[in-house]
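Open your viewer and colour by chain.

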There are 2 protein chains.
Amino acid sequence: MLGRLNHVAIAVPDLAAASAIYRNTLGAKLTEPQMLPEHGVTVVFIDVGNTKIELLEPLGVDSPIAAFLAKNPSGGMHHVCYEVPDIVAARDRLKEQGARILGDGEPKIGAHGKPVLFLHPKDFNGTLIELEQE
Amino acid sequence: MLGRLNHVAIAVPDLAAASAIYRNTLGAKLTEPQMLPEHGVTVVFIDVGNTKIELLEPLGVDSPIAAFLAKNPSGGMHHVCYEVPDIVAARDRLKEQGARILGDGEPKIGAHGKPVLFLHPKDFNGTLIELEQE
């Protein structure tokens, strides 16, 4: 079921400062910041060839990464996203196995315009896993 | 400088239990556990097509992931590893930029038989970054 790693998301308190570190210190190529108000984040993508790194900064008052940054003020690895061929089949299989889906369990349209789901980190060794339809 | 994402490492308290979750719940393909006493971990690799996930369980009394698991008892994302074409050139560039290299700053032979370095997470938004020679 588990397909390619679509991205690793890193939450940061200051996207401009984090972008400068990745651009200047690590010599990475970054996209321009994209505000995604419906997801409560501003995002910068780093293409590392075989996958992407996403730097996330909170946007708005109800950002889903605000609590994480309150616990980890300098930032940290927030989630990993895997591609799956059929997100509804994946969701149903996971529920059968007893895994918990966050929210109402229905796929939402994610930052790449494709349906996504998040799995409860307590069911996956403290790792927040996003699944994205291929 | 920053090349492909070689792997994402996830520290887990119980490798057998975590392997069962990835194999049965997530339908992933895993290698057999490999004990790496010189690195203080037992490791299972998950090939997700474009990169690898490494599940790490502490091995021995001085495991480098013991402190992380003491803080995160159910486990969590521990580090990301990027490939670089020339690890000594990368190290020197990073030091010039003021980034801190963990340990004595000299590359060590990592789990894949190639030279590796770890960068101080405080210099990279709370993310522990491993660099591995391509």
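How much area do chain B and chain A bury between them? About 3,300 Å², with 61% of it on carbon and sulfur atoms (buried area is the accessible area, by a 1.4 Å probe, that two parts lose on being put together, summed over both). On chain B, select L26(B), M77(B) and N125(B): they supply 22% of the area that chain B buries against chain A, more than any other three residues.

A word on the ground rules: this is a predicted model, where local features need pLDDT of at least 70, side-chain atom pairs count only at pLDDT 80 or more, and totals for chains, interfaces and linings use all residues. Residues are numbered from 1 along each chain as its sequence is written, chains are lettered from A and ligands numbered from 1 in written order, and side-chain values use heavy atoms, with hydrogens and water left out.

Now show both sides of the contact (heavy atoms within 4.5 Å): 41 residues come from chain B and 41 residues from chain A.

Next, select Y22(A). Together with L55(A) and Y22(B), Y22(A) has the most contacts inside the largest nonpolar core, which has 60 residues (buried Ala, Val, Leu, Ile, Met, Phe, Trp, Tyr and Cys joined through side-chain atoms within 4.5 Å; buried means under 20% relative accessible area, 1.4 Å probe, protein chains only). Beyond its neighbours within four places in sequence, Y22(A) touches residues including I10(A), L55(A), L2(B) and Y82(B).

Key. Buried means under 20% relative accessible area, exposed over 50%, partly exposed in between (1.4 Å probe, protein chains only).
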